Amino acid sequence: MATKRRTRKTRKQPETLQQIADFLLRPELWGLALIAVSVFTLLNLLTGSRSAFTDAWIGYLQDMVGLGAWGVPLVTGVLGLWVVIRAVEQMPDLPWQRPVGITVLFLAFVTGAALYAGIEAQIAGGLVGSGIAAFLNQTLGRVAAWFVISL
């Protein structure tokens, strides 16, 4: 009788680029990156001396969200913490509505600051807040815009 030759299936090793991509796409890393950006931004807002990079970063934030630059570390920190807890603990019951709600409250604050400032909306609410405020003001009117923001 002829003996059967047993063949072993060799498992293919994933490519190096695939391993790097898998590592970089882990949610824990994105959450930790958001927390790091939050801490970095908060420390730079609190200190008086800034480098060229940090001055450009804070200037960009103030151009985009005006007074809301002080809220960016809070929002990014909470979002990062939520992502890390959800990824590490693998808790499916963490509702996604909370981070979305915090983001919507932040946008409502920036838009309300722009509506309140009127002429200086760009300074108070930045480009984002003044853009949303101008849209609401033109489409709904000032009173209805305040009503929408206060909901």
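This is a predicted model: local features need pLDDT of at least 70, side-chain atom pairs count only at pLDDT 80 or more; totals for chains, interfaces and linings use all residues.
1. Overall make-up. The chain has 7 helices and 0 strands. Read from the N terminus, the order of elements is α-α-α-α-α-α-α. Of the 151 residues in the chain, 27% are buried. The accessible surface is about 11,200 Å², and carbon and sulfur atoms account for 67% of that surface.

2. Sequence range of the contacts. Taking contacts between residues at least 6 apart in sequence, 58% join residues that are at least 24 apart. Some of the pairs discussed below can be read with that figure in mind.

3. Helix α2 against helix α3. Helix α2 covers residues 27–46 and helix α3 covers residues 52–65; their axes are 10 Å apart, at an angle of about 95°. This angle makes α2 roughly perpendicular to α3, because values from 65 to 115 degrees are put in that class. On the α2 side the contact consists of Val-37, Phe-40, Thr-41, Asn-44 and Leu-45, and on the α3 side of Phe-53, Thr-54, Trp-57, Ile-58 and Leu-61. By residue class, the contact of α2 with α3 has 7 nonpolar, 3 polar and no charged members.

4. The whole structure contains 2 aromatic pairs. One of them joins Phe-40 and Phe-53, with ring centres 6.1 Å apart and planes at 40°, a tilted arrangement. Phe-40 sits in helix α2 and Phe-53 in helix α3, 13 residues apart, and the pair is one that links distant parts of the chain.

5. Thr-41. This residue also belongs to helix α2. Its relative accessibility is 1%, so Thr-41 counts as buried. With residues up to four places away in sequence not counted, Thr-41 touches Trp-57, Ile-58, Leu-61 and Pro-73. Trp-57, Ile-58 and Leu-61 are among the α3 residues listed for the contact with α2. The C-alpha atoms of Thr-41 and Val-72 are 7.9 Å apart in space, while the two residues are 31 apart in sequence. Val-72 in turn is one of the α4 residues that meet α5.

6. Ala-36. Helix α2 also holds Ala-36. Ala-36 is partly exposed, at a relative accessible area of 44%. Between the C-alpha atoms of Ala-36 and Thr-76 the distance is 9.1 Å, although 40 residues separate them along the chain.

7. Helix α4 against helix α5. Which way do these two helices run relative to each other? The axes of α4 (residues 72–89) and α5 come within 10 Å and cross at roughly 170°. The two helices are therefore roughly antiparallel, because angles over 145 degrees fall in that class. From α4 the contact takes Val-72, Val-75, Val-78, Leu-79 and Trp-82; from α5 it takes Pro-99, Ile-102, Thr-103 and Phe-106. The contact of α4 with α5 divides into 8 nonpolar residues, 1 polar and no charged.

8. Thr-111. Helix α5 spans residues 97–117 and includes Thr-111. Thr-111 is buried, at a relative accessible area of 1%. Which residues does Thr-111 contact, leaving aside neighbours within four places in sequence? They are Gly-129, Ile-132, Ala-133, Leu-136 and Ile-149.

9. Ala-133. Helix α6 runs over residues 121–140 and contains Ala-133. With a relative accessible area of 5%, Ala-133 is buried. Neighbours within four places in sequence aside, Ala-133 is in contact with Thr-111, Ala-114 and Leu-115. The C-alpha atoms of Ala-133 and Ala-145 are separated by 7.4 Å, and the two residues lie 12 apart along the chain.

Terms used:
Residues are numbered from 1 along each chain as its sequence is written. Side-chain values use heavy atoms; hydrogens and water are left out. Axes are lines fitted to C-alpha atoms, for helices over the stretch in contact, and angles run from 0 to 180 degrees between N-to-C directions. Helices (H or I, at least four residues) and strands (E, at least two) are DSSP runs, numbered from the N terminus. Angles under 35 degrees count as roughly parallel, over 145 as roughly antiparallel, 65 to 115 as roughly perpendicular and the rest as oblique. Contact means heavy atoms within 4.5 Å. Ala, Val, Leu, Ile, Met, Phe, Trp, Tyr, Cys and Pro count as nonpolar, Asp, Glu, Lys and Arg as charged, and the others, Gly among them, as polar. Rings of Phe, Tyr and Trp (its six-membered ring) pair if their centres lie within 6.5 Å; planes under 30 degrees apart count as stacked, over 60 as edge-to-face and the rest as tilted. Buried means under 20% relative accessible area, exposed over 50%, partly exposed in between (1.4 Å probe, protein chains only). Accessible areas come from the Shrake-Rupley method with a 1.4 Å probe; for residues, only the protein chains shown count as cover.
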